[in-house]
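The report that follows is meant to be read beside the sequence and the structure. Please keep both in view while going through the sections.

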Amino acid sequence: MRTRSGHGDELIPRPEQTPDALRAALAVVAPDRLAEMQAEKDEAFAKAVEWQSLSPVRSWVLIWAREIEIARRPDLSARYGNAKSNLEHEDPVIARDALRALSAVLDEAMKAVRG
């Protein structure tokens with residue numbers, strides 16, 4: 001199922017920013033990353049207890065909302081993949097442009113999930 005938005009095709013609608021909703025979304029758009037997500041979630045919750053603060057959990061939610069935003073939007077996902085593939089290019093101009101492009105994708109995805 002594809003939906004349309006102002007950003008082109010989306011593989012799934014943007015999920016709510018809850019652990020269960022994010023996990024369900026990731027299971028659709030990038031199931032190979034579920035173990036990574038769970039490990040980072042466990043770490044965030046452990047830090048939250050240790051620090052007596054919810055900030056590690058909030059950070060985890062935002063990071064994974066951003067990752068899912070990129071994965072659920074083929075336009076962002078393609079730009080992200082292209083940028084990552086050129087980060088270590090032998091031509092420093094191409095590598096620098098790739099870093100800028102990667103930063104732009106991450107910024108765009110974070111703005112989208114923050115509303």
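## A residue of helix H1

Alanine 27 belongs to helix H1 (residues 19-29), where helices (H or I, at least four residues) and strands (E, at least two) are DSSP runs numbered from the N terminus. At a relative accessibility of 35%, alanine 27 counts as partly exposed, a class that lies between buried (under 20% relative accessible area) and exposed (over 50%), with a 1.4 Å probe and protein chains only. Its C-alpha atom is separated by 30 Å from that of glutamate 88, which is 61 residues apart from alanine 27 along the chain.

## Basis and confidence of the model

This is a predicted model, in which local features need pLDDT of at least 70 and side-chain atom pairs count only at pLDDT 80 or more, while totals for chains, interfaces and linings use all residues. Residues are numbered from 1 along each chain as its sequence is written, and side-chain values use heavy atoms, with hydrogens and water left out.

The mean pLDDT, the predictor's confidence in each residue on a scale from 0 to 100, is 93 for the protein, and 93% of its residues reach 70 or more. Over residues 1-7, however, pLDDT stays under 50, and for these residues the model has 16 contacts beyond four places in sequence, a contact meaning heavy atoms within 4.5 Å. Where pLDDT is low, the predicted coordinates should not be read in detail.

## Overall architecture

The protein has five helices and two strands, and from the N terminus on its elements run β-β-α-α-α-α-α. Taken along the principal axes, its C-alpha atoms fill a box of roughly 45 × 35 × 25 Å. Of its 115 residues, 31% count as buried, and among the contacts with a separation of 6 or more, 55% are accounted for by residues 24 or more positions apart.

Helix H3 (residues 55-72) has 18 residues, which at 1.5 Å a residue should span 26 Å, and its end C-alpha atoms are 25 Å apart, which agrees; the expected span is 1.5 Å times one less than the number of residues. Of the 18 residues in H3, 13 are buried. Serine 55 lies in H3 and is partly exposed, because its relative accessibility is 33%; its C-alpha atom is separated by 9.7 Å from that of phenylalanine 45, 10 residues apart along the chain.

The axes of helix H2 (residues 34-51) and H3 come within 7 Å and cross at roughly 160°, the axes being lines fitted to C-alpha atoms over the stretch in contact and the angles running from 0 to 180 degrees between N-to-C directions. That makes H2 roughly antiparallel to H3, a term for angles over 145 degrees. The residues of H2 in this contact include Phe45 and Trp51, and those of H3 include Ser55, Trp60 and Trp64. By class, the contact has 10 nonpolar, one polar and four charged residues.

In the loop between H2 and H3 is glutamine 52, which is exposed with a relative accessible area of 74%. The phi of glutamine 52 is near 50°, a positive value in a residue other than glycine.

## Helix H3 against H4

H3 and helix H4 (residues 74-85) pack at an angle of about 100°, with their axes 5 Å apart. That makes H3 roughly perpendicular to H4, the range for this term being 65 to 115 degrees. Glu67, Glu69, Ile70 and Arg72 in H3 meet Pro74, Leu76, Ser77 and Tyr80 in H4.

Definitions and conventions:
Parallel < 35°, antiparallel > 145°, perpendicular 65-115°, else oblique. Nonpolar A, V, L, I, M, F, W, Y, C, P; charged D, E, K, R; others polar.
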